Amino acid sequence: WNAFGQLGDGTTNQQTVPVDVTGLASGVIALTAGGRHTCVLVGGGVPVCWGDNGLGQIGVDTTNQSTTPVYVSGHIADATAIAAGGSHTCVLTAEGGVKCWGNNSAGQLGDGTTDSRSTPEYVSGLTSGVSAIVAGWEHTCVRTNVGEVKCWGKNSAGQLGDGTTGQHAAPVLINGLHVSAIAAGYYHTCAQTVGGTLMCWGNNSSGQLGDGTTNQRNLPEPVSGDTSDVKELAAAQDHTCALTVDHGVKCWGANSSGQLGDESTSPHSVPKDVNNLTNGVAAIAADHLHTCA
């Protein structure tokens with residue numbers, strides 16, 4: 001799909017095979033895809049975005065869409081990670097700070113307001129000390145240097161994990177949780193604790209929390225089974241996948257399009273091995289109705 005120029009090839013023509021993004025033949029160090037926009041880090045950590053910009057999500061101080069890459073405003077040159085949500089984007093700076101821009105209707109920019117922004121602003125209280133960042137559809141979470149989890153934004157399904165369903169326009173700490181990995185889906189969040197327990201919270205209508213139920217959770221809940229071997233997580237609209245230390249893949253949640261990879265279209269509320277991917281996988285990614293490894 002390319003109706004908003006999110007493929008970055010200078011057109012709005014849909015493409016069924018890969019096409020080069022204009023001006024990015026080399027030098028890219030990180031990549032993220034939002035709802036209708038795409039962003040990368042180039043060089044030493046310079047954010048570049050393209051696609052839909054109706055809410056300022058490509059960060060160029062306008063709301064004009066771009067079918068080719070444009071440099072994000074604000075002179076960010078040292079970002080180490082980038083994450084795109086439905087219509088917002090955030091970067092992690094070399095100092096461990098977090099800056100966000102774009103849609104802020106649910107407080108997902110974390111600056112204490114619900115004012116959308118077309119240029120980067122620091123998240124309240126997060127100018128340093130952060131080691132990882134993830135973005136859901138309308139919420140954002142980070143892992144701090146000491147393994148704590150802080151989240152902000154939309155919370156209608158409990159995806160912030162603070163025991164409430166009220167949205168927060170500034171980061172809130174999830175008490176008692178210390179993690180080594182984290183992932184954000186549309187309306188749910190998952191994390192692997194330093195003790196080896198996989199926890200999820202938020203929307204669970206399709207079993208995407210993996211606890212054997214379809215009950216919504218506004219506090220972290222352990223995923224069923226032995227999950228101590230998980231090393232990396234990927235969360236999508238209504239399903240979740242994990243990469244194990246043996247380089248295998250397990251998935252759970254919605255499966256209407258076969259996104260769990262078990263040769264069925266039946267949902268699963270507990271983790272199941274992806275067929276033919278019990279080893280040899282180096283990375284995983286999940287979005288909406290598909291998964292890649």
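Okay, some housekeeping before we start. Because this is a predicted model, local features need pLDDT of at least 70 and side-chain atom pairs count only at pLDDT 80 or more, while totals for chains, interfaces and linings use all residues. Residues are numbered from 1 along each chain as its sequence is written, and side-chain values use heavy atoms, with hydrogens and water left out.

Let's begin with the sheet. When I say strand, I mean a DSSP run of E with at least two residues, and helices would be H or I runs of at least four, each numbered from the N terminus. Two strands pair if DSSP finds at least two bridges between them.

Now look at β1 and β2. Strand β1 covers residues 28-33, strand β2 covers residues 37-42, and five bridges join the two. They make a hairpin with three residues between them. If you want to find the pairing on screen, threonine 32 has cysteine 39 as its bridge partner in β2, and alanine 33 has threonine 38.

On to the disulfides. A disulfide is a covalent bond between the sulfur atoms of two cysteines. Here the cut-off is a pair of cysteine sulfur atoms within 2.5 Å. How many turn up in a search of the whole structure? Five. Count the bonded cysteines along the chain, and the pattern is 1-2, 3-4, 5-6, 7-8, 9-10.

I'll walk you through three of them. Cysteine 90 is joined to cysteine 100, S to S 2.1 Å. Cysteine 90 sits in strand β6 (residues 88-93) and cysteine 100 in strand β7 (residues 98-102), so the pair ties together parts 10 residues apart in sequence. The torsion about that S-S bond is about 110°, so this disulfide is right-handed. Buried or exposed? Cysteine 90 counts as buried at 0% relative accessibility, and cysteine 100 is buried with a relative accessible area of 0%. For us, buried means under 20% relative accessible area, exposed means over 50%, and partly exposed is in between, with a 1.4 Å probe and protein chains only.

Next, cysteine 190 and cysteine 200, with sulfur atoms 2.1 Å apart. Cysteine 190 is in strand β13 (residues 188-193) and cysteine 200 in strand β14 (residues 198-202), 10 residues apart. This link is right-handed, with 110° about the S-S bond, and both cysteines are buried.

Then there's cysteine 241 with cysteine 251, sulfur atoms 2.0 Å apart. Cysteine 241 lies in strand β17 (residues 239-244) and cysteine 251 in strand β18 (residues 249-253), so parts 10 residues apart in sequence are tied together. The torsion is about 110°, so that one is right-handed. Cysteine 241 is buried at 0%, and cysteine 251 is buried at 1%.

Cysteine 292 is in no disulfide, and the nearest cysteine sulfur, that of cysteine 241, is 10 Å away. At 45% relative accessibility, cysteine 292 counts as partly exposed.
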